[in-house]
Amino acid sequence: MSCFKNIYRIGDDFVSLLFPRLCQACGQPLVRNEEIICTNCLLEIPKTDYHMVRDNNLERNFYGRVYIEKAASWSFYRNGSKIQKLIYRLKYGGVEPVGPCLGRLYGHTLKESGFCKDTDLIIPVPLHKSKERRRGFNQSALIAGGLSSVLGIPVNNDILRRVKSSDTQTRKHRYERWENVENIFSTAHEEGIEGKHILLVDDVITTGSTIEACASELLKTEGVRVSVIAIASAVL
């Protein structure tokens, strides 16, 4: 059996030599047992540890806006950072495996901490159908899938819907971002979330306007509680 394993490893190394798998954060070749992101880049990504801290800065960002049970992000979103490059490769480079990979990485962290121990359902922030068709996928749904595979919590992509298209949020100020997402989400099959604790998932949280709009819609259903996570947040 060990002989076959050695042959497989030699073959794998030979293929990697001809067609190197590259780290999506730095572009360097990946070695055996590395997936999507090299070990060096993983170590360099600054972690927030918000999942370990109640009343953290991300939670405070929603105070007076919408009631959130808990909020956490894996990393800080900064210009030129490794996490920005990864998310850019996912959203605009079409490298879909980045999404599930990031979800699994953060999922292991959340599982060890017990952050999601009483969560019933994972819901990703939806894209409008026209935008999802153009992109070919919803990056938040890919992340949610990775989280689900580790946490064992089901994902639902149908309950929360984006009913209106909106302009990109990238260059908008806080109030403009809130106006841009006001009344653009709706819920369907509300009976499926009554009394549930929902984990709302996004790729990046900047001002939190999109999350506020999504959570406000979900909270209209009786007994719903909402917690929030993102791969990165601009809130320090």
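Reader: Let's start with lysine 220: buried or exposed?
Author: Lysine 220 counts as exposed, at 65% relative accessibility. Keep in mind that this is a predicted model.

Reader: OK, and which residue does lysine 220 form a salt bridge with?
Author: Its partner is glutamate 217, and the closest N and O atoms are 3.0 Å apart. Glutamate 217 is buried, with a relative accessible area of 13%.

Reader: How many salt bridges are there by the count?
Author: The count comes to nine. Some share partners: Glu69, Asp118 and Arg225 are joined into one network that way.

Reader: What does glutamate 212 pair with?
Author: Glutamate 212 meets arginine 65 in a salt bridge, 2.9 Å from N to O. Glutamate 212 lies in helix α9 and arginine 65 in the loop between α3 and β1, so the pair ties together parts that are 147 residues apart in sequence.

Reader: Nice. And how accessible are glutamate 212 and arginine 65?
Author: Glutamate 212 counts as buried at 11% relative accessibility, while arginine 65 is partly exposed at 21%.

Reader: Why would you call helix α9 largely enclosed?
Author: Because nine of the 10 residues of α9 (residues 209-218) are buried, the rest of the structure largely encloses this helix. The buried ones include Ile211, Cys214 and Leu218.

Reader: Switching to rings. How many aromatic pairs does the count give?
Author: Two. Tyrosine 50 and phenylalanine 76 form an edge-to-face pair, 6.0 Å centre to centre with 85° between the planes.

Reader: Where do tyrosine 50 and phenylalanine 76 lie?
Author: Tyrosine 50 is in the loop between α2 and α3, and phenylalanine 76 is in strand β1 (residues 71-76), so the pair ties together parts 26 residues apart in sequence. Tyrosine 50 counts as buried at 8% relative accessibility, and phenylalanine 76 counts as buried at 12%.

Reader: And what does the pair of tyrosine 88 and tyrosine 92 look like?
Author: Tyrosine 88 and tyrosine 92 make a tilted pair, 5.1 Å centre to centre and 50° between the planes. Tyrosine 88 is exposed at 53% relative accessible area, whereas tyrosine 92 is partly exposed at 48%.

Reader: Now the backbone. What is the phi of aspartate 49?
Author: Near 60°, a positive value in a residue other than glycine. Aspartate 49 sits in the loop between α2 (39-44) and α3 (57-60) and is partly exposed, at 43% relative accessible area.

Reader: What about the phi of histidine 189?
Author: Histidine 189 has a positive phi of about 55°, although it is not a glycine. You'll find histidine 189 in the loop between β4 (185-187) and β5 (197-205).

Reader: Last topic, charge. Which residues form the positive surface patch?
Author: Lys129, Arg133, Arg134 and Arg161. Helix α6 (residues 129-135) gives the most to that patch, with three residues. Arginine 161 lies in strand β3 (residues 160-162), and is partly exposed at 39% relative accessible area.

Reader: And which residues form the negative one?
Author: Glu190, Glu191, Glu194 and Glu222. Glutamate 222 is in the loop between α9 and β6 (225-233) and is exposed, with a relative accessible area of 66%.

Notes:
Residues are numbered from 1 along each chain as its sequence is written. This is a predicted model: local features need pLDDT of at least 70, side-chain atom pairs count only at pLDDT 80 or more; totals for chains, interfaces and linings use all residues. Side-chain values use heavy atoms; hydrogens and water are left out. Patches are made of residues with over 30% relative accessible area and no salt bridge: like charges are joined within 9 Å, nonpolar side chains (Val, Leu, Ile, Met, Phe, Trp, Tyr) within 5 Å. Accessible areas come from the Shrake-Rupley method with a 1.4 Å probe; for residues, only the protein chains shown count as cover. A salt bridge is a side-chain nitrogen of Lys or Arg within 4 Å of a carboxyl oxygen of Asp or Glu. Lys and Arg count as positive and Asp and Glu as negative; His and the chain ends are not counted. The place of a charge is taken as NZ of Lys, CZ of Arg, CG of Asp or CD of Glu. Helices (H or I, at least four residues) and strands (E, at least two) are DSSP runs, numbered from the N terminus. Buried means under 20% relative accessible area, exposed over 50%, partly exposed in between (1.4 Å probe, protein chains only). Rings of Phe, Tyr and Trp (its six-membered ring) pair if their centres lie within 6.5 Å; planes under 30 degrees apart count as stacked, over 60 as edge-to-face and the rest as tilted.
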